Amino acid sequence: MNFSLSSGADAFGRAALVAAALALFAAGCGPSDGSKEYVEAEEAYKVRNFEKAEQGFLRSAELSPTNVDALVMLTRVRLDKGDIKEAALSIAAAAALAPDDVDVIELGAQTAWYSQDYGKAREGYLRLTKDASLSPEMRSQAFTGLGIVDLALIDQDPSSGWMRDRARVELLQALALDMRNASAHYHLGLLYRDAFHFFEAALDQFNLFAKLSEEADQRVRRVQHDVIHNLKAQINDNFAKIPGASSRDANACAKALKRGDEAWKKSQYRTARSAYAEAYKADPLSYQAAVNLAKAWEKTDQTANGRQKAYGYYRAACHLKPSGKALFIQTGDLAMKIGNYASAVDLYSRAVAASSRDITAIDCLIRALRKAGSAKAAAQYQTYRDTIPVRK
């Protein structure tokens, strides 16, 4: 992670933290103020000589027990080394001295996350997100941290379905503050792929992550060479599994579509419906054939069966054009009319994935979630909705 998390007061209270600081740094001040040791440790840290850096920052903190910077850097080194318990000691000492310092809060939360103390990590993240004095970029990182904590909580309890919505909202809030936040794009991609199964939306997020990442580290290379490739293969496989996809006839589809359009212009809607059905049969991957057939069923049959037919073809069209926000909303509206609230939630949710700041899509999703009995999930999106300015 490229950020830190923190909690406010430790479970043992401020007095215990002060005691920990005194116990850890009982050596007191020596003839030096620790500045020379600090500079030497910084140089060692730059070249990733973590052992020397840790010794230097520790010595600097011993010589100047009120040097919060030394404790902060000591914590960073220990996290880089994977010494989580030691990092918890040094950040607790820093928190005893400067509980309101942003770096201390940040690192405290990160250390809590690595310690799997997710409640404490969330407390620190929340504190940073609510600090209006911080830059949008810093608050964006804090919202990303909240999303990452919730991803871990989802893994712990997959039955908490609303948790994925809270994680999504937090990551969307991170991107609203800073669209160049590569980490937020990466984790939203994970969420869309693994929790929502919105593969096209996940692919978009991973592509943005790879584009925005300043350093081609191991994770970036893995996304570029494995994650993106596998997602594209999954998407192509999903299309290939559509019945009739292997024997599609684009020419026959085009001819039938033309006949259908001509009949539609003459208000011969049933004739048009028949032609569109022929077009869709010839090419089940034709978005236009699916949409036109859905519209024809809506126009010609107002019975429950007719609405179900129209809904089915609209859903097929949505599958063929996953970026079609307007069609997702239209199909979601039809799902609501026929009482299929769970499908409406999925459709409106996909519309939000296609356009995350679209108020209509968010409002529709909130309404569908409430109808489906998912009040907790609806509350998450309401929180997000309340942050979006209303256009006048």
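A crossing between two helices is called left-handed if the near helix is turned anticlockwise from the far one by less than a right angle. With that convention in place, I turn to helix 19 and helix 20 of this predicted model; helix 19 passes helix 20 in a left-handed crossing.

The contact involves Ile359, Ile362, Asp363, Leu365, Ile366, Leu369 and Arg370 on the helix 19 side. Helix 20 contributes Ala375, Ala377, Ala378, Tyr381, Gln382, Tyr384 and Arg385. As to geometry, helix 19 covers residues 359-371 and helix 20 covers residues 375-385, and their axes come within 8 Å and cross at roughly 160°. Angles over 145 degrees count as roughly antiparallel, and helix 19 and helix 20 are therefore roughly antiparallel to each other.

Helix 10, residues 182-196, packs against helix 12, residues 218-240, at an angle of about 30°, and the two axes are 13 Å apart. Are helix 10 and helix 12 roughly parallel or antiparallel to each other? Because the cut-off for roughly parallel is an angle under 35 degrees, this pair is classed as roughly parallel. Here too the crossing is left-handed, with helix 10 passing helix 12. Tyr186, His187 and Arg193 of helix 10 make the contact with Arg219, Arg222, Val223, Val227 and Leu231 of helix 12.

Next, the interior. In soluble globular proteins, nonpolar side chains tend to be buried together. In this model the largest nonpolar core has 93 residues, and Leu191, Tyr192, Phe206 and Tyr348 have the most contacts inside it. Setting aside residues up to four places away in sequence, Tyr348 touches Phe328, Ile329, Gly332, Asp333, Met336, Ala361, Cys364, Leu365, Arg367 and Ala368.

Thr129 lies in helix 7, which spans residues 118-129. Its relative accessibility is 4%, so Thr129 counts as buried. Beyond neighbours within four places in sequence, Thr129 is in contact with Arg139, Ala142, Phe143 and Leu146.

I close with confidence. The protein averages a pLDDT of 91, and 91% of the residues score at least 70. Over residues 1-30, however, the pLDDT is below 50, although this stretch has 79 contacts in the model beyond near neighbours in sequence. Where pLDDT is low, the predicted coordinates should not be read in detail.

Terms used: Residues are numbered from 1 along each chain as its sequence is written. This is a predicted model: local features need pLDDT of at least 70, side-chain atom pairs count only at pLDDT 80 or more; totals for chains, interfaces and linings use all residues. Side-chain values use heavy atoms; hydrogens and water are left out. A nonpolar core is a set of buried Ala, Val, Leu, Ile, Met, Phe, Trp, Tyr and Cys residues joined through side-chain atoms within 4.5 Å. Buried means under 20% relative accessible area, exposed over 50%, partly exposed in between (1.4 Å probe, protein chains only). Contact means heavy atoms within 4.5 Å. pLDDT is the predictor's confidence in each residue, from 0 to 100. Axes are lines fitted to C-alpha atoms, for helices over the stretch in contact, and angles run from 0 to 180 degrees between N-to-C directions. Helices (H or I, at least four residues) and strands (E, at least two) are DSSP runs, numbered from the N terminus. Angles under 35 degrees count as roughly parallel, over 145 as roughly antiparallel, 65 to 115 as roughly perpendicular and the rest as oblique.
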